[in-house]
Amino acid sequence: MEAVTNNVYHDKVVIRLIQFSIVWALAAMGAGVYISAELIWPGIDFGQFWLSFGRLRPLHTNGIIFGFGVSALMATAFYSVQRTSHVPLFAPKLAWFCCYAWQLLVLTGGLSLLAGWNTSKEYAELEWPFDIVIAVIWVCFGVVFFGTIATRKIKPIYISNWFYGALIIVIAMLHIVNNLAIPVSIGKSYSLYAGAQDAVVQWWYGHNAVGFLLTGGFLGMMYYFLPKHAERPIWSYRLSVVAFWAFTYSYIWAGPHHLHYNSIPEWVQSLGMVMSIVLLAPSWATLINGVMTVSTAWEKLRTDPALKFIVLSLAFYGLATFEGPMMSLRSVNVVSHFTDWTIGHVHSGALGWNAMITYGTFYFMVPRLVGRELHSVRLANIHFWLALAGTMLYIVSMWAAGVSQGLLWLSVDNIGELSFSFKDIMASMAPYYGLRLVAGLIFLSGTALMAFNLFMTLKGQHATRVSVPAVDPAYGVS
Amino acid sequence: MGTEIYSHLLIRSLYQPIDAFQELAKVEPSPMGVLFRYTIWLLLLPPIFSLIGAANFGWRLGADEPLLLPTNSLVLISIGYFLALVFGLITTAIISSWMAATYGASANFGKHVALITIVGEPLAIASVIHLFPDVFVNLLVLIPTMMWSMYLLYKGVPIVLDTPPERGMLMASSLVGWLLVAAVSLLGLSMALWTLGVGPLLGV
């Protein structure tokens, strides 16, 4: 571990978190590719429970969100909060604790999912012992992050820190409230809520995990690394602040759109739908801010392969944040719900936005962290095209599959009976799942190229010592 | 600088797109001329192919039974399809010329209409696959065509609109963002219309 000094940033922990994040990306995307193959050839679980779709699917989602996503968010939050506060990390040993404890949690939690421990709450599948550990590590993450902000030497709190701060506070609140449960054994608990209330709390959690982790957290990444890449200030700082508060206020209401036509009051569904439409405004305010910031920095594209990932991630962010409100409309949702369109929508966000912006950020950070050039710009460019092709193929195949499913299982004949059986419809989806499998393999191979490229960049190198710069007295904490 | 584009430019763009783009860069065509002499005719192809295919064979969405709709319903859907394509192309050209100031590109509206027409042309031609109305087969043909169209967009923007390749890449990516949103809007609009009773009989 690096020596604790007062004027050098703590970057070793950042490098370690990036490495873990990439390992989880490969493992969890690999699991995703495997389960997509299982939907075509169900026999490849070889009769093993732990290889079955029901157990590998939560491993895939938890591995991506908590392994790949949260490790990347911790890495980028630790990197950027030091540089925007002009101080080294507060409690660096606690930061190292967060780093390793989180990886241990993802590993053991993943194994528990394979063993069949599952709360059955989507994206909150981990059982109660893991939930307690998550809460403890998350509070430690908050102590390091807010401690660094509290000891900052520069007066303004930069916008990326507001988003990372919202991520930490809101996820803590959602996680604790949604996971309140009565344990009956070490591997089994029952939710404190029942029936419709349980569903409402679950999707208040589920949708806002998407909102504050996969959107808000990664917007924090965007607001720091995009201007850094572009070497330009954010196009409109005022707009970024307005967008932050509008985003924070409106996102928290949108959860009930996951429960259209369910046994919750209709006005709650309508509220969720209306707030989802309102959400379009702050989402696109941020989109415009990002696009306009990068539009003046086009010369950077000549020398910086990573900027392309961030530019494209904004296009997919625009798609996903438009598609979501549209799918929350009841007249669209009646067709799209329970179909593969939803899976396509999630992946336009997860692959096109989250993964692309993270890849762009890693390509930016890693060479700077060790003070050397990227091992291969050519490989990074190949990765870019693989990521784009994989994402497009995934989305389009799931659009077609989803719309077909929605129409087929809502089709009725002249006497009002269903025209097609559910089983027959699902059996006819194999060709689309084949396309999706190819898309997943293309995307995964791009990620493997990045892993190799960054491994070669890091090989034998140590973190460069970056000193804290002097603060302009006009902006200093008095 | 000429004001006319000729039909050979559209044909050439299919096999020598870079040369066609360079040729287009030298002219400042009238937007209405391009629209009514070339674009509209290309945009008629997908709805016509779709109408013929669906009326004769019915769309196969994956199940064994094809989805057969009454002819008047199909005509209505095809007219809607055509209007959506015209609306999509014109709004894309308007957005593209609006973006031009940000990316230092040519603001000549006729060039934008011509460029978007050339980018969309392979898709309009490949829509001949609508004559075989099986969703998966259509997907197999239209996905590679869509990738080709995206390639044309990324290559065409800097050449036709006279902006550096890096700046053109940013503009093309912004247009891709818009086109993705437009595509999903079309999907959402179709779903909403279907649930309101236009199209297949749904149990909603």
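This is a predicted model: local features need pLDDT of at least 70, side-chain atom pairs count only at pLDDT 80 or more; totals for chains, interfaces and linings use all residues.
Local features need pLDDT of at least 70 and side-chain atom pairs count only at pLDDT 80 or more, while totals for chains, interfaces and linings use all residues. Residues are numbered from 1 along each chain as its sequence is written, with chains lettered from A in the order in which they are written.

We can begin with the helix pair. Helix 7 (residues 237-251) and helix 9 (residues 280-295) of chain A pack with their axes 8 Å apart, at an angle of about 150°; helices here are DSSP runs of H or I with at least four residues. Helix 7 of chain A is therefore roughly antiparallel to helix 9 of chain A (angles over 145 degrees count as such). Residues in the contact (C-beta atoms, placed from the backbone, within 7 Å) include A:L239, A:A243 and A:F247 of helix 7 of chain A, and A:A281, A:A285 and A:N289 of helix 9 of chain A.

Between the chains, the contact takes 43 residues from chain A and 35 from chain B. On the side of chain B that touches chain A, helix 6 (135-160) and helix 7 (165-195) of chain B are the elements that give two or more residues, and helix 7 of chain B gives the most, with 18 residues.

Finally, the largest nonpolar core has 208 residues; such a core is a set of buried Ala, Val, Leu, Ile, Met, Phe, Trp, Tyr and Cys residues joined through C-beta atoms within 7 Å, buried meaning 20 or more other C-beta atoms within 10 Å of a residue's own. A:M74, A:F78 and A:L167 have the most contacts inside this core, to which helix 6 (residues 195-230) of chain A gives the most, with 20 residues. Leaving aside neighbours within four places in sequence, A:F78 is in contact with A:V13, A:V14, A:L89 and A:A95.

Conventions. Axes are lines fitted to C-alpha atoms, for helices over the stretch in contact, and angles run from 0 to 180 degrees between N-to-C directions. Angles under 35 degrees count as roughly parallel, over 145 as roughly antiparallel, 65 to 115 as roughly perpendicular and the rest as oblique. Two residues are in contact if their C-beta atoms, placed from the backbone, lie within 7 Å. A residue is buried if 20 or more other C-beta atoms lie within 10 Å of its own, exposed if 12 or fewer, and partly exposed in between; C-beta atoms are placed from the backbone.
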